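The following note is intended for a colleague who is new to this structure. Its points may be read alongside the sequence and the model.

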Amino acid sequence: MTTYHIESSAGQYLGDYPGHTPLDALDALARDAGYADHAASCAVTGDDPDSWTSSRMAFRSGDLSLLVIPTHLLDEATP
């Protein structure tokens, strides 16, 4: 399992969360905020969890985007 560093596109640190995939890490972020999972948090905001598009390290829906970076990649960039 990998630990993912999650931050908003504005640079707001949201936490480091474990997961087998970045989507698992988004579920962990949502659970930390009191939701059952990412889909449940989207239901509250009126967002469609299936509308989230992703690339290797970014998820985007409307005006919101999240960077989800494996923490070992952050560690490699630190001298």
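1. Strand S1, residues 2–8, is mostly covered, with five of its seven residues buried. Buried means under 20% relative accessible area, exposed over 50%, and partly exposed in between (1.4 Å probe, protein chains only). Strands (E, at least two residues) and helices (H or I, at least four) are DSSP runs numbered from the N terminus.

2. The model is predicted: local features need pLDDT of at least 70 and side-chain atom pairs count only at pLDDT 80 or more, while totals for chains, interfaces and linings use all residues. Residues are numbered from 1 along each chain as its sequence is written, and side-chain values use heavy atoms, with hydrogens and water left out.

3. S1 runs antiparallel to strand S2 (residues 13–19), and six bridges join them; strands pair if DSSP finds at least two bridges between them. Tyr 4 has Tyr 17 of S2 as its bridge partner.

4. His 5 also belongs to S1. This residue counts as buried because its relative accessibility is 12%. Its side chain makes a polar contact with that of Asp 16, at 3.1 Å (a pair of N or O atoms within 3.5 Å; within protein, one must be able to donate a hydrogen and the other to accept it, and residues adjacent in sequence count only if both atoms are side-chain atoms).

5. Confidence is given by pLDDT, the predictor's score for each residue from 0 to 100. The chain mean is 76, and 65% of residues reach 70 or more.
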